[in-house]
Amino acid sequence: VITYNRRERSNNSARFAAFSAPGSLISANTSEPNSKAGESILRGQVNWKLNDRHSIEIAAEAAYNFIDNITGFVRETPGSVTSFFVDGSDTKVEEFRSEFQISDVWTVSPSLTIEPGFKFETSRIEQNINFPDDTDGDPLTARLDRNVEREFEYPKPSITATWRIQDGQQLRVSYEREVAQLSFSDFVSFSDFIANQTTTGNDQLVPERTWAFEAQFDQRFCKFCVLTLLASYDEFENVQDFVKIGAGDGPGNIGDGTRWSLGFRTAVPLDNLGVPGARIDASLTSGSSEVFDPISGRPREFSDEFTGSWSVSFRQDFPEAKFSYGFRWSDGGSGTAYRFNEASRRSREDADASIFMETSRWLGLRIRVGIDDLLPAEFARNRVIYVGDREQSAIRTVERTHSANGVQPFIRVSGKF
(Lines give C-alpha, C1' and ligand atoms only; values in the text may rest on other atoms or scores of the structure.)
Protein backbone atom coordinates (compact mmCIF):
# COMPACT_ATOMS: atom_id res chain seq x y z
CA VAL A 1 0.00 0.00 0.00
CA ILE A 2 1.35 3.42 -1.01
CA THR A 3 0.00 6.81 -0.01
CA TYR A 4 1.01 10.30 -1.13
CA ASN A 5 -0.23 13.69 0.04
CA ARG A 6 0.70 17.19 -1.12
CA ARG A 7 -0.64 20.57 -0.09
CA GLU A 8 0.63 23.95 -1.19
CA ARG A 9 -0.42 27.56 -0.95
CA SER A 10 0.82 30.59 -2.82
CA ASN A 11 0.17 34.33 -2.55
CA ASN A 12 1.76 36.53 -5.19
CA SER A 13 1.56 40.06 -6.48
CA ALA A 14 2.70 41.38 -9.85
CA ARG A 15 2.48 45.00 -11.03
CA PHE A 16 3.10 46.39 -14.50
CA ALA A 17 3.18 50.16 -14.87
CA ALA A 18 3.76 52.60 -17.74
CA PHE A 19 5.19 56.08 -17.17
CA SER A 20 5.62 59.17 -19.32
CA ALA A 21 9.05 60.59 -20.06
CA PRO A 22 8.94 63.00 -17.06
CA GLY A 23 8.10 60.05 -14.81
CA SER A 24 4.36 60.55 -14.39
CA LEU A 25 2.15 57.47 -14.16
CA ILE A 26 0.16 56.67 -17.30
CA SER A 27 -1.44 53.44 -16.10
CA ALA A 28 -0.67 50.42 -13.97
CA ASN A 29 -2.17 46.96 -13.56
CA THR A 30 -1.68 44.68 -10.56
CA SER A 31 -2.64 41.02 -10.20
CA GLU A 32 -2.83 39.34 -6.80
CA PRO A 33 -3.44 35.58 -7.12
CA ASN A 34 -4.21 33.58 -3.99
CA SER A 35 -4.14 29.86 -4.66
CA LYS A 36 -4.41 26.61 -2.71
CA ALA A 37 -3.76 23.25 -4.35
CA GLY A 38 -3.35 19.67 -3.26
CA GLU A 39 -3.21 16.03 -4.24
CA SER A 40 -3.88 12.82 -2.29
CA ILE A 41 -3.27 9.32 -3.65
CA LEU A 42 -3.89 5.90 -2.12
CA ARG A 43 -2.66 2.86 -4.07
CA GLY A 44 -2.73 -0.84 -3.31
CA GLN A 45 -0.90 -3.50 -5.32
CA VAL A 46 -0.76 -7.28 -5.23
CA ASN A 47 1.64 -9.52 -7.19
CA TRP A 48 0.76 -13.18 -7.77
CA LYS A 49 3.08 -15.69 -9.43
CA LEU A 50 0.53 -18.03 -10.95
CA ASN A 51 3.12 -20.47 -12.33
CA ASP A 52 6.46 -20.46 -14.14
CA ARG A 53 4.88 -18.83 -17.20
CA HIS A 54 2.53 -16.23 -15.68
CA SER A 55 3.06 -13.47 -13.13
CA ILE A 56 -0.09 -11.43 -12.37
CA GLU A 57 -0.21 -7.90 -10.98
CA ILE A 58 -3.43 -6.33 -9.69
CA ALA A 59 -3.59 -2.74 -8.49
CA ALA A 60 -6.19 -0.18 -7.48
CA GLU A 61 -5.73 3.54 -6.99
CA ALA A 62 -7.89 6.37 -5.67
CA ALA A 63 -6.92 10.04 -5.97
CA TYR A 64 -8.27 13.45 -5.03
CA ASN A 65 -6.92 16.65 -6.60
CA PHE A 66 -8.01 20.24 -6.17
CA ILE A 67 -7.15 23.86 -6.83
CA ASP A 68 -8.88 26.80 -5.16
CA ASN A 69 -7.89 30.10 -6.77
CA ILE A 70 -9.00 33.70 -6.54
CA THR A 71 -7.13 36.46 -8.34
CA GLY A 72 -7.89 40.11 -7.77
CA PHE A 73 -6.88 42.79 -10.25
CA VAL A 74 -6.34 46.53 -9.74
CA ARG A 75 -6.13 49.12 -12.53
CA GLU A 76 -4.57 52.50 -11.72
CA THR A 77 -4.65 55.75 -13.68
CA PRO A 78 -3.65 59.23 -12.51
CA GLY A 79 -7.23 59.91 -11.44
CA SER A 80 -8.63 56.55 -10.32
CA VAL A 81 -8.02 53.13 -8.81
CA THR A 82 -10.40 50.36 -9.91
CA SER A 83 -10.62 46.77 -8.70
CA PHE A 84 -11.90 44.12 -11.13
CA PHE A 85 -12.00 40.38 -11.76
CA VAL A 86 -11.43 38.29 -14.88
CA ASP A 87 -14.10 35.66 -15.55
CA GLY A 88 -12.82 32.31 -14.32
CA SER A 89 -10.18 33.74 -11.98
CA ASP A 90 -12.31 32.97 -8.89
CA THR A 91 -12.86 29.23 -9.08
CA LYS A 92 -12.46 25.92 -7.30
CA VAL A 93 -11.84 22.68 -9.20
CA GLU A 94 -11.94 19.20 -7.66
CA GLU A 95 -11.27 15.80 -9.20
CA PHE A 96 -12.19 12.43 -7.74
CA ARG A 97 -10.40 9.72 -9.71
CA SER A 98 -10.08 5.94 -9.41
CA GLU A 99 -8.25 3.36 -11.49
CA PHE A 100 -8.19 -0.43 -11.57
CA GLN A 101 -5.33 -2.29 -13.23
CA ILE A 102 -4.51 -5.90 -14.09
CA SER A 103 -1.48 -7.12 -16.03
CA ASP A 104 0.31 -10.36 -16.80
CA VAL A 105 3.92 -11.16 -17.60
CA TRP A 106 3.56 -14.20 -19.87
CA THR A 107 6.79 -16.09 -20.60
CA VAL A 108 5.84 -17.78 -23.86
CA SER A 109 9.33 -19.19 -24.36
CA PRO A 110 12.86 -18.43 -23.14
CA SER A 111 13.18 -15.89 -25.98
CA LEU A 112 9.69 -14.37 -26.02
CA THR A 113 7.75 -12.52 -23.30
CA ILE A 114 4.32 -10.94 -23.77
CA GLU A 115 2.84 -8.49 -21.25
CA PRO A 116 -0.88 -7.79 -21.78
CA GLY A 117 -2.51 -5.26 -19.49
CA PHE A 118 -5.75 -3.43 -18.90
CA LYS A 119 -6.58 -0.30 -16.89
CA PHE A 120 -9.95 1.27 -16.32
CA GLU A 121 -10.07 4.86 -15.12
CA THR A 122 -13.09 6.79 -13.89
CA SER A 123 -13.10 10.40 -12.79
CA ARG A 124 -15.50 13.12 -11.75
CA ILE A 125 -14.54 16.77 -12.11
CA GLU A 126 -16.48 19.46 -10.24
CA GLN A 127 -15.86 23.15 -10.83
CA ASN A 128 -17.42 26.15 -9.12
CA ILE A 129 -16.97 29.48 -10.93
CA ASN A 130 -17.80 32.58 -8.93
CA PHE A 131 -18.66 35.83 -10.68
CA PRO A 132 -18.29 39.29 -9.07
CA ASP A 133 -21.21 40.58 -7.05
CA ASP A 134 -23.60 42.89 -8.83
CA THR A 135 -22.23 46.39 -8.30
CA ASP A 136 -24.44 48.57 -10.52
CA GLY A 137 -27.79 47.59 -8.96
CA ASP A 138 -29.16 46.34 -12.28
CA PRO A 139 -30.45 42.76 -11.91
CA LEU A 140 -30.21 42.28 -15.68
CA THR A 141 -26.42 42.53 -15.53
CA ALA A 142 -25.97 40.25 -12.51
CA ARG A 143 -24.68 36.76 -13.25
CA LEU A 144 -25.26 33.65 -11.21
CA ASP A 145 -22.28 31.58 -10.11
CA ARG A 146 -21.70 28.55 -12.32
CA ASN A 147 -21.34 24.94 -11.19
CA VAL A 148 -20.07 22.35 -13.68
CA GLU A 149 -19.86 18.63 -13.02
CA ARG A 150 -18.57 16.08 -15.55
CA GLU A 151 -17.85 12.35 -15.41
CA PHE A 152 -15.39 10.37 -17.55
CA GLU A 153 -14.64 6.69 -18.11
CA TYR A 154 -11.53 5.50 -19.93
CA PRO A 155 -10.58 1.89 -20.73
CA LYS A 156 -6.81 1.67 -21.33
CA PRO A 157 -5.60 -1.64 -22.82
CA SER A 158 -1.92 -2.28 -23.50
CA ILE A 159 0.37 -4.98 -24.80
CA THR A 160 4.17 -5.28 -24.84
CA ALA A 161 6.28 -7.98 -26.47
CA THR A 162 9.99 -8.61 -25.87
CA TRP A 163 11.88 -10.88 -28.26
CA ARG A 164 15.45 -11.94 -27.40
CA ILE A 165 16.60 -12.63 -30.92
CA GLN A 166 20.02 -13.97 -29.94
CA ASP A 167 22.75 -13.23 -27.43
CA GLY A 168 23.19 -9.46 -27.33
CA GLN A 169 20.13 -8.68 -29.49
CA GLN A 170 16.66 -7.77 -28.25
CA LEU A 171 13.54 -6.23 -29.80
CA ARG A 172 10.78 -4.68 -27.67
CA VAL A 173 7.50 -3.31 -29.06
CA SER A 174 4.48 -1.89 -27.24
CA TYR A 175 1.03 -0.58 -28.10
CA GLU A 176 -0.91 1.25 -25.43
CA ARG A 177 -3.92 3.46 -24.84
CA GLU A 178 -2.89 6.55 -22.87
CA VAL A 179 -5.00 9.26 -21.26
CA ALA A 180 -3.30 12.52 -20.25
CA GLN A 181 -3.84 14.03 -16.83
CA LEU A 182 -5.41 17.48 -16.89
CA SER A 183 -3.55 20.39 -15.36
CA PHE A 184 -5.92 22.19 -13.03
CA SER A 185 -4.29 25.53 -13.84
CA ASP A 186 -5.93 25.20 -17.29
CA PHE A 187 -9.32 25.69 -15.62
CA VAL A 188 -8.27 29.02 -14.08
CA SER A 189 -8.16 32.38 -15.88
CA PHE A 190 -5.13 34.62 -15.43
CA SER A 191 -3.53 37.70 -16.99
CA ASP A 192 0.07 38.37 -17.95
CA PHE A 193 0.37 42.14 -18.09
CA ILE A 194 3.94 42.10 -19.37
CA ALA A 195 3.03 39.95 -22.38
CA ASN A 196 -0.37 41.69 -22.62
CA GLN A 197 -2.14 38.30 -22.59
CA THR A 198 -5.23 37.02 -20.83
CA THR A 199 -5.66 33.25 -20.71
CA THR A 200 -9.24 32.13 -20.11
CA GLY A 201 -9.87 29.01 -18.08
CA ASN A 202 -11.91 26.35 -19.89
CA ASP A 203 -14.43 24.34 -17.89
CA GLN A 204 -15.09 22.11 -20.94
CA LEU A 205 -11.51 20.89 -21.35
CA VAL A 206 -11.19 17.10 -21.75
CA PRO A 207 -8.10 14.88 -21.46
CA GLU A 208 -5.95 14.22 -24.51
CA ARG A 209 -6.07 10.52 -25.51
CA THR A 210 -3.45 8.59 -27.45
CA TRP A 211 -2.83 5.25 -29.12
CA ALA A 212 0.93 5.02 -28.60
CA PHE A 213 3.23 2.63 -30.48
CA GLU A 214 6.90 2.27 -29.50
CA ALA A 215 9.70 0.04 -30.75
CA GLN A 216 13.19 -0.42 -29.29
CA PHE A 217 16.02 -2.54 -30.65
CA ASP A 218 19.11 -3.22 -28.49
CA GLN A 219 22.42 -4.45 -29.85
CA ARG A 220 24.96 -5.28 -27.14
CA PHE A 221 28.57 -5.54 -28.32
CA CYS A 222 30.13 -6.21 -24.91
CA LYS A 223 29.18 -5.99 -21.24
CA PHE A 224 28.89 -2.20 -21.12
CA CYS A 225 28.75 -1.33 -24.84
CA VAL A 226 25.23 -1.10 -26.28
CA LEU A 227 23.44 0.59 -29.17
CA THR A 228 19.70 1.22 -28.90
CA LEU A 229 17.50 2.25 -31.84
CA LEU A 230 14.20 3.96 -30.97
CA ALA A 231 11.00 4.63 -32.91
CA SER A 232 7.53 5.80 -31.93
CA TYR A 233 4.25 6.70 -33.60
CA ASP A 234 1.28 8.21 -31.72
CA GLU A 235 -2.29 8.86 -32.83
CA PHE A 236 -4.00 11.56 -30.74
CA GLU A 237 -7.63 12.36 -30.03
CA ASN A 238 -8.63 15.75 -28.63
CA VAL A 239 -5.17 17.31 -28.94
CA GLN A 240 -4.83 19.94 -26.24
CA ASP A 241 -3.83 23.41 -27.42
CA PHE A 242 -5.31 26.91 -27.32
CA VAL A 243 -8.83 27.61 -28.64
CA LYS A 244 -10.90 30.76 -28.97
CA ILE A 245 -13.02 31.45 -25.89
CA GLY A 246 -15.17 34.57 -26.10
CA ALA A 247 -13.02 37.49 -27.22
CA GLY A 248 -9.78 35.73 -26.21
CA ASP A 249 -8.45 32.21 -25.93
CA GLY A 250 -7.46 29.53 -23.46
CA PRO A 251 -6.61 25.84 -23.15
CA GLY A 252 -8.89 23.59 -25.18
CA ASN A 253 -9.08 20.65 -27.59
CA ILE A 254 -8.53 21.12 -31.32
CA GLY A 255 -9.12 17.66 -32.79
CA ASP A 256 -7.03 14.66 -33.84
CA GLY A 257 -3.31 14.61 -34.61
CA THR A 258 -0.25 12.41 -35.08
CA ARG A 259 3.35 12.43 -33.85
CA TRP A 260 6.40 10.32 -34.74
CA SER A 261 10.02 10.14 -33.65
CA LEU A 262 13.22 8.27 -34.50
CA GLY A 263 16.44 8.17 -32.57
CA PHE A 264 19.25 6.25 -30.96
CA ARG A 265 21.34 6.15 -27.80
CA THR A 266 24.60 4.41 -27.18
CA ALA A 267 27.10 3.75 -24.42
CA VAL A 268 30.74 3.09 -25.32
CA PRO A 269 33.36 2.09 -22.67
CA LEU A 270 36.87 3.40 -23.35
CA ASP A 271 38.91 0.81 -21.41
CA ASN A 272 40.17 -0.80 -24.62
CA LEU A 273 41.35 2.61 -25.83
CA GLY A 274 43.57 3.12 -22.80
CA VAL A 275 41.16 5.20 -20.69
CA PRO A 276 40.20 2.88 -17.79
CA GLY A 277 36.86 3.41 -16.06
CA ALA A 278 35.66 5.84 -18.72
CA ARG A 279 32.67 5.78 -21.03
CA ILE A 280 30.93 7.98 -23.58
CA ASP A 281 27.15 8.19 -23.81
CA ALA A 282 25.47 9.73 -26.85
CA SER A 283 21.89 10.16 -28.00
CA LEU A 284 19.99 11.71 -30.91
CA THR A 285 16.25 12.05 -31.52
CA SER A 286 14.22 13.71 -34.23
CA GLY A 287 10.59 13.70 -35.28
CA SER A 288 7.55 15.72 -36.15
CA SER A 289 3.86 16.12 -35.40
CA GLU A 290 0.77 17.27 -37.26
CA VAL A 291 -2.62 18.63 -36.25
CA PHE A 292 -5.24 20.67 -38.11
CA ASP A 293 -5.08 24.30 -37.02
CA PRO A 294 -8.62 25.66 -36.41
CA ILE A 295 -7.50 29.27 -36.96
CA SER A 296 -5.41 29.07 -40.15
CA GLY A 297 -7.25 26.07 -41.60
CA ARG A 298 -3.96 24.33 -42.41
CA PRO A 299 -1.94 21.48 -40.84
CA ARG A 300 0.87 22.43 -38.44
CA GLU A 301 3.01 20.91 -35.69
CA PHE A 302 1.81 20.71 -32.07
CA SER A 303 2.32 23.81 -29.95
CA ASP A 304 5.64 23.95 -28.10
CA GLU A 305 6.79 20.73 -29.76
CA PHE A 306 10.58 20.65 -29.26
CA THR A 307 11.20 17.50 -31.31
CA GLY A 308 14.94 17.39 -32.07
CA SER A 309 17.70 16.94 -29.50
CA TRP A 310 21.15 15.44 -29.12
CA SER A 311 23.63 14.94 -26.29
CA VAL A 312 27.16 13.63 -25.72
CA SER A 313 28.55 12.96 -22.25
CA PHE A 314 31.83 11.63 -20.87
CA ARG A 315 32.47 10.15 -17.42
CA GLN A 316 35.53 8.53 -15.83
CA ASP A 317 35.42 6.70 -12.48
CA PHE A 318 38.34 5.95 -10.14
CA PRO A 319 36.80 3.38 -7.72
CA GLU A 320 39.80 3.12 -5.41
CA ALA A 321 39.97 6.88 -4.97
CA LYS A 322 36.17 7.16 -4.83
CA PHE A 323 36.36 9.97 -7.36
CA SER A 324 34.65 10.70 -10.70
CA TYR A 325 34.54 13.56 -13.17
CA GLY A 326 32.87 14.26 -16.49
CA PHE A 327 31.12 16.64 -18.85
CA ARG A 328 27.95 16.84 -20.95
CA TRP A 329 27.27 18.69 -24.21
CA SER A 330 23.73 18.89 -25.61
CA ASP A 331 21.34 20.92 -27.73
CA GLY A 332 17.72 20.89 -28.90
CA GLY A 333 15.48 22.32 -31.55
CA SER A 334 13.04 25.22 -31.43
CA GLY A 335 9.32 25.17 -30.75
CA THR A 336 6.37 27.40 -31.60
CA ALA A 337 3.38 28.20 -29.40
CA TYR A 338 0.17 29.06 -31.26
CA ARG A 339 -2.65 31.26 -29.94
CA PHE A 340 -5.64 32.65 -31.80
CA ASN A 341 -3.90 35.96 -32.58
CA GLU A 342 -0.19 35.16 -32.33
CA ALA A 343 2.63 32.70 -32.95
CA SER A 344 5.62 32.67 -30.62
CA ARG A 345 8.78 30.76 -31.55
CA ARG A 346 11.37 29.98 -28.85
CA SER A 347 14.85 28.57 -29.27
CA ARG A 348 18.22 28.25 -27.59
CA GLU A 349 20.91 29.90 -29.63
CA ASP A 350 23.81 27.64 -28.68
CA ALA A 351 24.59 24.25 -27.17
CA ASP A 352 24.49 23.52 -23.44
CA ALA A 353 27.69 22.38 -21.71
CA SER A 354 28.27 21.28 -18.12
CA ILE A 355 31.10 19.76 -16.08
CA PHE A 356 31.22 18.03 -12.71
CA MET A 357 33.43 16.30 -10.14
CA GLU A 358 32.13 13.80 -7.59
CA THR A 359 33.52 12.02 -4.56
CA SER A 360 32.23 9.73 -1.79
CA ARG A 361 35.40 9.62 0.32
CA TRP A 362 34.13 11.37 3.43
CA LEU A 363 31.48 10.33 5.99
CA GLY A 364 29.64 8.15 3.50
CA LEU A 365 28.39 11.28 1.73
CA ARG A 366 28.29 11.78 -2.03
CA ILE A 367 29.54 15.28 -2.83
CA ARG A 368 29.10 16.62 -6.35
CA VAL A 369 30.34 20.02 -7.54
CA GLY A 370 30.14 21.42 -11.03
CA ILE A 371 29.06 24.13 -13.41
CA ASP A 372 25.92 24.18 -15.58
CA ASP A 373 25.61 26.47 -18.60
CA LEU A 374 29.37 26.58 -18.94
CA LEU A 375 28.94 28.24 -22.34
CA PRO A 376 26.86 31.45 -22.55
CA ALA A 377 23.20 30.34 -22.54
CA GLU A 378 21.35 32.60 -24.96
CA PHE A 379 17.64 32.23 -25.63
CA ALA A 380 15.59 33.86 -28.38
CA ARG A 381 11.86 34.43 -28.77
CA ASN A 382 10.18 35.71 -31.92
CA ARG A 383 6.57 36.71 -31.27
CA VAL A 384 4.26 37.72 -34.14
CA ILE A 385 1.00 39.36 -32.99
CA TYR A 386 -1.90 39.88 -35.39
CA VAL A 387 -4.70 42.44 -35.33
CA GLY A 388 -7.30 39.65 -35.37
CA ASP A 389 -7.11 35.94 -36.04
CA ARG A 390 -3.61 34.59 -36.69
CA GLU A 391 -2.63 34.57 -40.37
CA GLN A 392 -6.11 35.83 -41.30
CA SER A 393 -5.46 39.49 -40.50
CA ALA A 394 -2.70 42.08 -40.65
CA ILE A 395 0.36 41.83 -38.39
CA ARG A 396 0.13 44.34 -35.55
CA THR A 397 3.56 43.95 -33.93
CA VAL A 398 6.61 41.71 -34.01
CA GLU A 399 8.54 41.25 -30.76
CA ARG A 400 12.05 39.80 -30.69
CA THR A 401 13.46 38.99 -27.28
CA HIS A 402 16.94 37.78 -26.37
CA SER A 403 17.97 36.69 -22.89
CA ALA A 404 21.11 35.15 -21.46
CA ASN A 405 22.06 33.16 -18.38
CA GLY A 406 25.45 33.25 -16.75
CA VAL A 407 27.32 30.17 -15.61
CA GLN A 408 25.60 28.29 -12.77
CA PRO A 409 27.97 26.66 -10.28
CA PHE A 410 26.47 24.13 -7.88
CA ILE A 411 27.31 21.80 -5.01
CA ARG A 412 25.12 18.85 -4.00
CA VAL A 413 25.47 16.60 -0.99
CA SER A 414 23.51 13.36 -0.59
CA GLY A 415 23.69 10.35 1.66
CA LYS A 416 21.82 8.08 4.04
CA PHE A 417 21.13 9.35 7.51
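Two strands count as paired if DSSP finds at least two bridges between them. The model is predicted.

**Exercise 1.** Find how many bridges join strand 14 to strand 15, and describe the turn.

*Solution.* 
1. Strand 14 covers residues 240–245, and strand 15 covers residues 248–253.
2. Six bridges join these antiparallel strands. That meets the cut-off of at least two bridges.

**Exercise 2.** Give the strand order of the open four-stranded sheet and identify its edges.

*Solution.* 
1. The order is 21-22-25-26, with antiparallel pairing.
2. Strand 21 (335–339) and strand 26 (395–405) each have a single partner strand, so one side of each lacks a neighbour in the sheet. These two are the edges.
3. From one strand to the next, the twist averages 15°.
4. Now check the pair at one end of the order: ten bridges join strand 25 (residues 377–386) to strand 26. Within this pairing, R383 has E399 in strand 26 as its bridge partner.

**Exercise 3.** Locate the nonpolar surface patch and decide whether I58 is buried, partly exposed or exposed.

*Solution.* 
1. The patch consists of V46, I58, F100, I102, F118 and F120, and spans about 490 Å².
2. Strand 6 (90–109) and strand 7 (112–129) each contribute at least two of its residues.
3. I58 lies in strand 4 (residues 54–77).
4. The relative accessible area of I58 is 35%. Buried requires under 20% and exposed over 50%, so I58 is partly exposed.

Technical notes: Residues are numbered from 1 along each chain as its sequence is written. This is a predicted model: local features need pLDDT of at least 70, side-chain atom pairs count only at pLDDT 80 or more; totals for chains, interfaces and linings use all residues. Side-chain values use heavy atoms; hydrogens and water are left out. Axes are lines fitted to C-alpha atoms, for helices over the stretch in contact, and angles run from 0 to 180 degrees between N-to-C directions. Patches are made of residues with over 30% relative accessible area and no salt bridge: like charges are joined within 9 Å, nonpolar side chains (Val, Leu, Ile, Met, Phe, Trp, Tyr) within 5 Å. Accessible areas come from the Shrake-Rupley method with a 1.4 Å probe; for residues, only the protein chains shown count as cover. A salt bridge is a side-chain nitrogen of Lys or Arg within 4 Å of a carboxyl oxygen of Asp or Glu. Buried means under 20% relative accessible area, exposed over 50%, partly exposed in between (1.4 Å probe, protein chains only).
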